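Here is a short briefing on one protein structure. Take a look at the model before you read on.

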Amino acid sequence: MAAISFNPRLNVQGGRKNHGVVVEEIEGLIRIYGDGHVERPPIIPSAPCMVTNGVVSKDVAIEKFTNLWTRIYVPSYSSKMPLLVYFHGGGFCVGSASWRCYHEFLAALASKAGCIILSLNYRLAPENRLPAAYDDGINTLMWVKQKARNGANEHKWWLNQCRFSSLFLAGDSAGANIAYNVAIRSYGISGSSIKPLILKGIILIQPFFGGQERTISEMHATQPPNSALTLSVFDTYWRLSLPLGANRDHPWCNPLAEGATTLRELKLPGAMVCISEMDILKDRNLELCNALASAGKWVETRMYKGVGHAFQILHNSQFSQIRTQEMMSHLKAFINQ
């Protein structure tokens, strides 16, 4: 896979309308104006649906009112396969299920792990602040449940190959945050609420959590060149995505904050947490793993040496290819255990 460049100079746009002053900006990715207008330059190309390494992919509408849709990946396996619902990263504010980097990563994962993947294109902030993305995740599970029960003919090409008793929720960065919160909602309400789906595990890749108090890695982490997540970018994403008036100790940002529901009270399936050694989120990810284990939850922690945030998507490190293959092997083992 090719490396993804984040050079903002590649996205200079001419003929811009006057929307007033820029009030928030992450260079090259998103710009918000005083009148509420939002621009997202096309920094990462989209990939069309295609057959990749024997994996068929198609885009399917879930809810037209919110423009919620998913890209479904089905590898050529003869037996029924686990179902993985995936949430892309991007600080809740950018990203798409059609981005080429995600298409390549998830097509490869579907092939290697032998699983069907639904990659969700959820609503983005700041136009749709949290909990909009969580709501889209729950609505997707309800949609899958309905299709599994009524066996809709137009969906048999993937439904007939699903092992609904092996559902996994997964995501990277903000997508991992979404997977975690959707799991709490779907698993904690009632196990019967999503039957015949049975949630077997959650996969949190470099999960995007925060807090008012800085961690050591947030302040002092040595990051690789062209890092996808700096501290200023981290702060901007939270300003744009949390409910207005909330700070970074809101439980959607900091599940370990005082006043948040204790982990021991939550019903959660087994979790796999993938951490990057050179990620500013490293310490916070480790804190979550330790807290889950202390609360009696089953958690598998994987640390990837010499790489930073989103290395498996952006391939912006000399170690990216090697560590991505390591991650793929770990994901395959977790999904098929």
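Predicted model: local features only at pLDDT ≥ 70, side-chain atom pairs only at ≥ 80, totals over all residues.

Residues are numbered from 1 along each chain as its sequence is written, and side-chain values use heavy atoms, with hydrogens and water left out.

**The sheet**

- Nine strands form an open sheet with mixed pairing. Their order is β4-β5-β6-β8-β7-β9-β10-β11-β12.
- Helices (H or I, at least four residues) and strands (E, at least two) are DSSP runs, numbered from the N terminus.
- Two strands pair if DSSP finds at least two bridges between them.
- The edge strands are β4 (51–52) and β12 (299–304), and each pairs on one side only.
- Helix α1 (residues 100–113) packs on the sheet. Among the strands that α1 touches are β6 (68–74), β7 (81–87) and β8 (116–121). Contact means heavy atoms within 4.5 Å.
- The direction of α1 makes about 45° with that of β6. Axes are lines fitted to C-alpha atoms, for helices over the stretch in contact, and angles run from 0 to 180 degrees between N-to-C directions.

**Strand β8**

- Is β8 enclosed or open to the outside? Six of its six residues are buried, so β8 is largely enclosed by the rest of the structure. Buried means under 20% relative accessible area, exposed over 50%, and partly exposed in between (1.4 Å probe, protein chains only).
- Ile116, Leu118 and Leu120 point one way from β8. Ile117, Ser119 and Asn121 point the other way.
- β6 and β8 run antiparallel, joined by five bridges. Thr70 has Leu120 of β8 as its bridge partner.
- β7 and β8 also have five bridges, in the parallel sense. Here Val85 has Leu118 of β8 as its bridge partner.
- β7, α1 and β8 make a right-handed β-α-β unit. A crossover is right-handed if, with the strands pointing away from the viewer, the path from the first strand over the helix to the second runs clockwise.

**Strand β11**

- Seven of the seven residues of β11 are buried, so β11 is largely enclosed by the rest of the structure.
- Both faces of β11 are covered. One side holds Gly270, Met272, Cys274 and Ser276. The other holds Ala271, Val273 and Ile275.
- Strand β10 (residues 199–205) and β11 (residues 270–276) pair in the parallel sense over five bridges. The bridge partner of Gly201 is Gly270, and Ile202 stands opposite Ala271.
- β11 and β12 pair in the parallel sense over six bridges. Val273 has Thr301 of β12 as its bridge partner.
- β11, helix α7 (residues 282–294) and β12 make a right-handed β-α-β unit.

**Helix α6**

- How many of the residues of α6 are buried? Eight of its 11 residues are, and α6 is mostly covered.
- The buried residues include Phe234, Tyr237 and Trp238.

**Aromatic rings**

- A search of the whole structure finds 13 aromatic pairs. Rings of Phe, Tyr and Trp (its six-membered ring) pair if their centres lie within 6.5 Å; planes under 30 degrees apart count as stacked, over 60 as edge-to-face and the rest as tilted.
- Tyr86 and Tyr102 form a tilted pair, 6.3 Å centre to centre with 55° between the planes. Tyr86 is in β7 and Tyr102 is in α1, 16 residues apart. Both are buried.
- The rings of Tyr134 and Trp252 have centres 5.5 Å apart and planes at 85°, so this pair is edge-to-face. Tyr134 is in helix α2 (residues 132–150), and Trp252 is in the loop between α6 (231–241) and β11, 118 residues apart. Both Tyr134 and Trp252 are buried.
- Lys58 lies over the face of Trp157, at 4.7 Å from the ring centre. A charge sits over a ring if NZ of Lys or CZ of Arg is within 6 Å of the ring centre and within 35 degrees of the ring normal.

**Residue Ser96**

- Where is Ser96 found? Ser96 is in the loop between β7 and α1.
- Ser96 is buried, with a relative accessible area of 12%.
- Leaving aside neighbours within four places in sequence, Ser96 is in contact with Trp69, His88, Tyr102 and Asn121.
- The C-alpha atoms of Ser96 and Ile203 are separated by 19 Å. These residues are 107 residues apart along the chain.
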